[in-house]
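Please read them with the structure open.

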Amino acid sequence: PRRHQELDIVLLLDESGSINADDFQNHVKRFANELLISINAQFPIAPNQSRVAISKFNSANHPVTQGFNTNLANLHQLIDGMAQSNGGTNFTPPFSYARDLFAANVRDGPRIV
């Protein structure tokens with residue numbers, strides 16, 4: 001059954017050098033796409049419903065979406081088009097990005113990172 005609760009989700013994807021290129025292409029991106037399908041089945045990703053922001057990170061944060069997105073097809077296209085940048089691993093910038101995004105886009109529903 002589909003639920004009508006509004007979720008705000010920020011998906012943070014590690015693109016650092018600790019993830020090899022094959023794993024990024026074949027596992028990280030596939031996981032992200034499959035996760036969106038699972039979320040959408042229970043909590044529809046659509047205007048006035050659930051919304052998703054995606055960011056890649058290494059030693060810095062690299063937003064994939066411009067804020068929250070409610071277009072599932074577009075989210076899949078953005079994930080499919082992602083390239084890995086490698087670099088170090090720093091968790092602070094992506095979590096700060098998520099915090100700032102939630103603060104700038106306040107809603108009553110749950111927030112998930």
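1. Asparagine 71 caps the N-terminal end of α2, with a side-chain oxygen 3.1 Å from the backbone nitrogen of alanine 73. This is a polar contact, that is, a pair of N or O atoms within 3.5 Å; within protein, one atom must be able to donate a hydrogen and the other to accept it, and residues adjacent in sequence count only if both atoms are side-chain atoms. Helices (H or I, at least four residues) and strands (E, at least two) are DSSP runs, numbered from the N terminus.

2. A word on the basis of these values. This is a predicted model, in which local features need pLDDT of at least 70 and side-chain atom pairs count only at pLDDT 80 or more, while totals for chains, interfaces and linings use all residues. Residues are numbered from 1 along each chain as its sequence is written, and side-chain values use heavy atoms, with hydrogens and water left out.

3. In α2, the buried residues are Leu75, His76 and Ile79. Seen down the axis of α2, these residues fall within an arc of 100 degrees, so they line one face of the helix; the arc is that of the directions from the helix axis to the C-beta atoms. Ala73, Gln77 and Asp80 are exposed, on the face turned away from the buried side. Here buried means under 20% relative accessible area, exposed over 50%, and partly exposed in between (1.4 Å probe, protein chains only). The buried residues of α2 pack against α1 and β2, where contact means heavy atoms within 4.5 Å.

4. Helix α1 covers residues 21–42, 22 residues in all, and reaches 31 Å from its first C-alpha to its last, close to the 32 Å expected at 1.5 Å a residue. The expected span is 1.5 Å times one less than the number of residues. At the start of α1, a side-chain oxygen of asparagine 20 comes to within 3.1 Å of the backbone nitrogen of aspartate 22. The buried residues of α1 include Phe24, Val28, Ala32, Leu36 and Ile39, but also Lys29, Asn33 and Asn40. They pack against β1 (8–14), β2 and α2 (72–80).

5. Alanine 41 also belongs to α1. With a relative accessible area of 37%, alanine 41 is partly exposed. Between alanine 41 and arginine 99 there are 58 residues of separation in sequence and 26 Å in space, C-alpha to C-alpha.

6. Which residues have the most contacts inside the largest nonpolar core? They are Leu13, Val52 and Ile54, in a core of 17 residues. β1, α1, β2 and α2 are the elements that give two or more residues to this core, and the largest share, 5 residues, comes from α1. A nonpolar core is a set of buried Ala, Val, Leu, Ile, Met, Phe, Trp, Tyr and Cys residues joined through side-chain atoms within 4.5 Å. Not counting residues up to four places away in sequence, leucine 13 touches Val28, Ala32, Ile54, Ser55, Lys56, Phe57 and Met82. Apart from this core lies another, of 9 residues, among them Leu12, Ala53, Phe68 and Ala98.

7. Serine 55 sits in strand β2 (residues 51–57). Its relative accessible area is 0%, so it counts as buried. A polar atom of the serine 55 side chain lies 3.3 Å from the backbone oxygen of histidine 62. Beyond its neighbours within four places in sequence, serine 55 is in contact with residues including Leu11, Leu12, Asn61, Pro63 and Tyr97.

8. The count of salt bridges comes to 6, each being a side-chain nitrogen of Lys or Arg within 4 Å of a carboxyl oxygen of Asp or Glu. Aspartate 8 pairs with arginine 51, the closest N and O atoms being 2.7 Å apart. That pair links distant parts of the chain, strand β1 and strand β2, 43 residues apart. Aspartate 8 is buried at 1% relative accessible area, and arginine 51 is buried at 14%.

9. Arginine 107 forms a salt bridge with aspartate 8, again with closest N and O atoms 2.7 Å apart. Arginine 107 lies in the loop between α3 (92–104) and β4 (111–112) and aspartate 8 in strand β1, so the pair ties together parts that are 99 residues apart in sequence. Both arginine 107 and aspartate 8 are buried. Glu6, Asp8, Arg51 and Arg107 are linked in a network of salt bridges.

10. Arginine 99 and aspartate 100 also meet in a salt bridge through their side chains (3.1 Å, N to O). Arginine 99 is exposed, at 52% relative accessible area, whereas aspartate 100 is partly exposed, at 44%.
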